[in-house]
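Here are my notes on this model. Please read them alongside the coordinates.

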Amino acid sequence: MSVNPLEALPIDELRRRSSTKWRKYPDDVLPLFVAETDFAPAPAITDRLRRAVELGDTGYTPPDPGIRDAYAAFAKRRFGWDVDPAHVRTTCDVMMGVVEILRSVTRPGDRVVVTPPVYPPFFECIPEAGAVVERVPLVDTGAGWKLDLPGIEASLAGGARAVLLCNPHNPTGTVHSKEELAQLADLAAAHDAVVVSDEIHGPLVQPDVAFTPFLAASSTAARIGYAVTSASKAYNLAGLKCALMVTAAEGTARVVRALPDEVEWRTGLFGALAGVAAFSPESDAWLDGLLARLDENRRLLADLLTEHLPGARYRVPGAGFLAWVDLSDFGWGDNPARTILRDAKVALHFGPLFGEEGKGHVRINFGCDPAVLRQAVERIGRLARS
Ligand SMILES: Cc1ncc(COP(=O)(O)O)c(C=O)c1O
């Protein structure tokens, strides 16, 4: 059955938003940088938040706001993954969950592997947890990106204590295969290390791609892995502050249970209420509509780049609303987004923030109206021809 793609809100309406996407730059700039999307919320979320606002239901989050069960049911429906709600604990946001788990499983100065180009806060959250970043870049196979498993093995053999995985991967949109994830788990287990898997983009895997939550990759992955996720990316709820730390074994669950209560107290009530609505079956049709829109836009971007920026290198991502584009042939230096912002009035995310592999690259957020995407690429195309 074909699904109608979700329509984005009109840009004039979006410019009334007060979030960073719409406030960081003046109105003559098209904002395609930070990972916010341009759609009206799923109706179940709007209803739930409206009721809460009307009631002044703006206090602290109770111990079990219902999101553990809602997420377990969502994981089963969408990924075929059995999550035990008793093995889910909430916190403020995904990065806080990652920091607190890393702080628990490493000692000060321990090394933690990241796989750049990768979501820039990964480089900061590891030192925040008292550990040290160890870079093992993704491998470009010519057809896609893959984890450098031999490189990760060497790091673990050399004493790295953890791998901070991005599954699916931001910024490339790579969805790691079950086999790769199971191999990663074996490597970590062999060296008595753990894997912390950031799965915030998991709900945004396209239906033509198989998504394996890390903890579902193998029994070893279930034993040594921690997943941190949220409704916030798929449903654009980043300002509401609720994320989930998920485990699948007694040992890892004990680590998460032992985190200070304060880590859980920081969960936003609106985030939890919105998350329950997001993960409910009522919101599935909205999510399917979003995926259909993103599917169209990820392909449209390929056509637009061919037409207006031949020489740009882009692979259609398997998940999410972010595109990783190599513009190094255009003479715009290591950070093309800076020139594009100044001279084309389009805000893209700066490639070098994702690691040195990001030189010459930009990250484009295509979670918007196709007309906005078209206008943005046309503006950049005019700059390239000038
Ligand atoms: C991979 C990844 N992790 C975490 C986040 C941020 O999540 P949170 O705001 O819940 O910390 C993002 C936001 O774009 C992301 O792409």
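Axes here are lines fitted to C-alpha atoms, for helices over the stretch in contact, and angles run from 0 to 180 degrees between N-to-C directions. Helices (H or I, at least four residues) and strands (E, at least two) are DSSP runs, numbered from the N terminus.

1. This is a predicted model: local features need pLDDT of at least 70, side-chain atom pairs count only at pLDDT 80 or more, and totals for chains, interfaces and linings use all residues. Residues are numbered from 1 along each chain as its sequence is written, and side-chain values use heavy atoms, without hydrogens and water.

2. Helices α3 (residues 43-54) and α12 (residues 269-279) pack at about 145°, axes 8 Å apart. On α3, the contact (heavy atoms within 4.5 Å) uses Ala44, Ile45, Arg48, Leu49, Ala52 and Val53. On α12, Phe270, Leu273, Ala274, Ala277 and Ala278 take part.

3. Check the ligand site. Residues around the ligand (a heavy atom within 4 Å) include Ala35, Asp93, Tyr119, Cys166 and Lys233. Polar contacts are N or O pairs within 3.5 Å. A polar backbone atom of Val94 is 2.8 Å from a ligand oxygen. For a polar side-chain atom of Asn170, the distance to a ligand oxygen is also 2.8 Å. For one of His201, it is 2.7 Å.

4. Two cis peptide bonds deserve a look. Pro116 to Pro117 is cis, omega near 0°; Pro117 sits in the loop between β3 (111-114) and α6 (121-128). Asn167 to Pro168 is cis too, omega near 0°. Pro168 belongs to the loop between β7 (162-166) and α8 (178-190).

5. Asn236 has phi near 55°, positive in a non-glycine residue. Its loop joins β9 (225-229) and β10 (243-246).

Terms used. A polar contact is a pair of N or O atoms within 3.5 Å; within protein, one must be able to donate a hydrogen and the other to accept it, and residues adjacent in sequence count only if both atoms are side-chain atoms.
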